[in-house]
Amino acid sequence: MAHILVTGGAGFIGANFVLGWLAQSGADSIVNVDKLTYAGNLKTLASLEGDNRHIFSQTDICDRSGLDHLLRQYKPRAVIHFAAESHVDRSIHGPAEFIQTNVVGTFALLEAVRAYWATLDDSSRTDFRFLHVSTDEVYGSLGSQDPQFSETTPYAPNSPYAASKAASDHLVRAYHHTYGLPVLTTNCSNNYGPFQFPEKLIPLMIANALAGKPLPVYGDGQNVRDWLYVGDHCSAIREVLARGRLGETYNVGGWNEKTNLDVVHALCDLLDELRPKVSGSYREQIAFVKDRPGHDRRYAIDAGKLERELGWMPAETFESGLRMTAQWYLDNQPWVQDVMSGEYRNWMATQYAT
């Protein structure tokens, strides 16, 4: 049976990709490589227990010998690289882990893959793909009237997280142009959906709303992001993997620019409908907190290249995706409570101190 190797497959986007991939009839098996840091959760993949198409290895992508062993053993036809430290706030407090995982780890993975790729026969070398999953944050911040990010927008990262992802993007590009490694890169906008760790905006707001806690909104709440439902992101990655042009970058977005405050208001209104309070609205819990350092004002993705070349468009609107997301969190409170550990609570108390 053919294999693909997925890094970070127990995290939010990676796990959604793994679950979606294996739900396809006749899909290749997945070798799932994850270090299982605070945001990696095998319980997200509980439905795959006993499925021999899912092979899990708790391996750090910085572990070159471990990667070499997995590549030799399973001989994947593709590697999809999700593994990354991804939370801007955490990168501000502790940038070293972001450099280690996102830069050093990507380098170790590229070196392991390059050595493995060199051992393949001509046909397998031609068919092999390395797909690197990145972020729109590498492009920096937009003004309110600026055009959306395109694949040719100059890089201008403004946080340690964004800088570490920009560095990894450049490494991937260099390995294609220097060594001929058959790479593809995707840069996505803000993802949301099931299984997202509740430090990010949407799951945080849902968790705090249900617990009767303040809903912390940075600054004036007018920072704009383009919101992409995670299932749509995963479908885009499958298309790029199957038909993307080697060495190319594809921006993946949802065509949904919203201010943070708009998102919180929409969530409060949904929860008022789906899980109403005894009295009043969840909007009454909104609390504005000190803005984070270097907070980019606006991100917006132009996903036109992906539509023109591969025919991909998101299936969900913001409204449909947000409703499915809110309902999932309401229906899966045990999963949420399980991940909200003491470490998580300590982090939130530090991050959102007023």
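**A buried aspartate and a covered strand**

Modeller: This is a predicted model. Start with Asp-34, which lies in the loop between strand S2 (29-33) and strand S3 (54-57).

Colleague: Why is Asp-34 said to have no salt bridge?

Modeller: The nearest side chain of opposite charge, Lys-35, is 9.2 Å away. A salt bridge needs the charged atoms within 4 Å. Therefore Lys-35 does not qualify, and Asp-34 is buried without a salt bridge.

Colleague: What does the side chain of Asp-34 reach?

Modeller: The backbone nitrogen of Ala-10, at 3.0 Å. A polar contact has to be within 3.5 Å, so this pair meets the distance limit.

Colleague: Which residues does Asp-34 touch, leaving out those up to four places away in sequence?

Modeller: Gly-8, Gly-9, Ala-10, Gly-11, Gly-40, Phe-56, Ser-57, Gln-58 and Thr-59.

Colleague: Now strand S9, residues 224-229. What makes S9 "mostly covered"?

Modeller: 6 of its 6 residues are buried. Val-224, Asp-226 and Leu-228 point one way. Arg-225, Trp-227 and Tyr-229 point the other way. Both sets are buried, so each residue has under 20% relative accessible area.

Colleague: How do you know that S9 pairs with strand S7 (residues 190-192)?

Modeller: Pairing takes at least two bridges. S7 and S9 have 3, so they pair, and they run parallel. Tyr-192 has Tyr-229 in S9 as its bridge partner.

Colleague: And what joins S9 to strand S11 (residues 257-259)?

Modeller: 3 bridges, with the strands antiparallel. Here Arg-225 is partnered by Lys-258 in S11.

Notes. Residues are numbered from 1 along each chain as its sequence is written. This is a predicted model: local features need pLDDT of at least 70, side-chain atom pairs count only at pLDDT 80 or more; totals for chains, interfaces and linings use all residues. Side-chain values use heavy atoms; hydrogens and water are left out. Helices (H or I, at least four residues) and strands (E, at least two) are DSSP runs, numbered from the N terminus. Buried means under 20% relative accessible area, exposed over 50%, partly exposed in between (1.4 Å probe, protein chains only). Lys and Arg count as positive and Asp and Glu as negative; His and the chain ends are not counted. A polar contact is a pair of N or O atoms within 3.5 Å; within protein, one must be able to donate a hydrogen and the other to accept it, and residues adjacent in sequence count only if both atoms are side-chain atoms. Contact means heavy atoms within 4.5 Å.
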